[in-house]
Amino acid sequence: MTEENKYKQVDEAVEGYTQDRQPGIEKDMDPKPIFEDENYKGSEKLKDKVAIITGGDSGIGRAVAIAYAKEGADIVIGYLDEHDDAKKTKEIAESYGAKCEIYAFDVKQKAECNKLVDFTIENFGKLNVLVNHAGVQYPTDEFLDITEEKIRETFETNIYGIIFMSQAAVPHLHKGDAIINTTSVTAYRGSPELIDYSATNGAITSFTRSLSGNLAEKGIRVNGVAPGPIYTPLIPATFSAEKVEKHGESTPMGRRGQPSELAPSYVLLASNDSSYMTGQVLHVNGGDFVTT
Ligand SMILES: NC(=O)C1=CN([C@@H]2O[C@H](COP(=O)(O)OP(=O)(O)OC[C@H]3O[C@@H](n4cnc5c(N)ncnc54)[C@H](O)[C@@H]3O)[C@@H](O)[C@H]2O)C=CC1
Ligand SMILES: CC(=O)C(C)=O
């Protein structure tokens, strides 16, 4: 079966369902997301590199961890509390010869971000790539119903966390190393029911551009990826059953994306293949044109 047919088949098999906690659990999703393209062969693009991937236990982060393992990187996966998902990702990454450690932490807490980086240095002796991918969203139909608690939680997780992780990582990064931030198509086209969330993604894009300028002289590149609607635990954990079923339908390609379709962009931005790119965002969104 071609990759495109495989993606369509999973897309069509998704019926409306929800999960009752955030972060969602990949193990409980049915059908399962496609987190690996079996035809993707690594070519040592990340050989001898050590990467931290926050939110790397599941969804897009899991697909990135597996692609990095195939490319020769060793990996530390930071995640909140989805231990079974994290163990499974570690197992798959190790099957490709990577060393992989998993680390439960709260990205909202600066001290815990520092400890994750310390843990990485203690176990691997260095850090070359930071993928800031952990995030939450709380869809709310009415603007006035967005609670102060959820606004704080969304900003603290999605943007404070990226700043804390980057501050912890930068002292260990050198010429040729990279930071990659996950933002969202919602940063560019807005989202009426994800107002606070899309604002955090706007902040992530601006942070990416600003930090890239700050670190350019040191040869550390900072780029982003802006996914469109992707089938991950975040979706059934936060959207209604009807939205889960229809997710991605309105994109020009007419379907949701799969995590495996995102991973090559994160490989590109981590590797020397993007040596002349910094401050940029790659748009992997099923064909929506956005103003970059
Ligand atoms: N799935 C989608 O359609 C899209 C997702 N994104 C972005 O992707 C990221 C979410 O990843 P997905 O792969 O979709 O879903 P996911 O549910 O697999 O990942 C969410 C991750 O965030 C981590 N996380 C949440 N709160 C945390 C905390 N306080 N401390 C540490 N880790 C925490 C979870 O452990 C989990 O690994 C977010 O940054 C989101 O903005 C962006 C655009 C579209
Ligand atoms: C969650 C999110 O950012 C989309 C585009 O669905």
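Strand β1 (residues 50–54) pairs with strand β2 (residues 74–79) in the parallel sense, over five bridges. Within that pairing, V76 in β2 is the bridge partner of I52. The model is predicted.

- Seven strands make up an open sheet, with parallel pairing.
- The strand order is β3-β2-β1-β4-β5-β6-β7.
- β3 (100–104) and β7 (281–284) are the edge strands; each has a single partner strand, so one side of each lacks a neighbour in the sheet.
- On average, neighbouring strands of this sheet are turned by 15 degrees against each other, direction ignored.

**Helices on the sheet**
- Helix α7 (residues 195–215) packs on the sheet and touches β5 (178–182), β6 (221–227) and β7.
- The direction of α7 makes about 165 degrees with that of β5.
- Helix α10 (residues 263–270) lies across β4 (129–132), β5, β6 and β7.
- α10 runs at about 170 degrees to β6.

**Around E82**
- E82 is buried, yet has no salt bridge.
- R21 is the nearest side chain of opposite charge, 4.8 Å away; a salt bridge would need the charged atoms within 4 Å.
- A polar atom of the E82 side chain lies 3.4 Å from the backbone nitrogen of L80.
- Leaving out residues up to four places away in sequence, E82 touches R21, P23, G24, I25, D57 and S58.

Conventions:
Residues are numbered from 1 along each chain as its sequence is written. Chains are lettered from A and ligands numbered from 1 in the order in which they are written. This is a predicted model: local features need pLDDT of at least 70, side-chain atom pairs count only at pLDDT 80 or more; totals for chains, interfaces and linings use all residues. Side-chain values use heavy atoms; hydrogens and water are left out. Two strands pair if DSSP finds at least two bridges between them. Helices (H or I, at least four residues) and strands (E, at least two) are DSSP runs, numbered from the N terminus. Axes are lines fitted to C-alpha atoms, for helices over the stretch in contact, and angles run from 0 to 180 degrees between N-to-C directions. Contact means heavy atoms within 4.5 Å. Buried means under 20% relative accessible area, exposed over 50%, partly exposed in between (1.4 Å probe, protein chains only). Lys and Arg count as positive and Asp and Glu as negative; His and the chain ends are not counted. A polar contact is a pair of N or O atoms within 3.5 Å; within protein, one must be able to donate a hydrogen and the other to accept it, and residues adjacent in sequence count only if both atoms are side-chain atoms.
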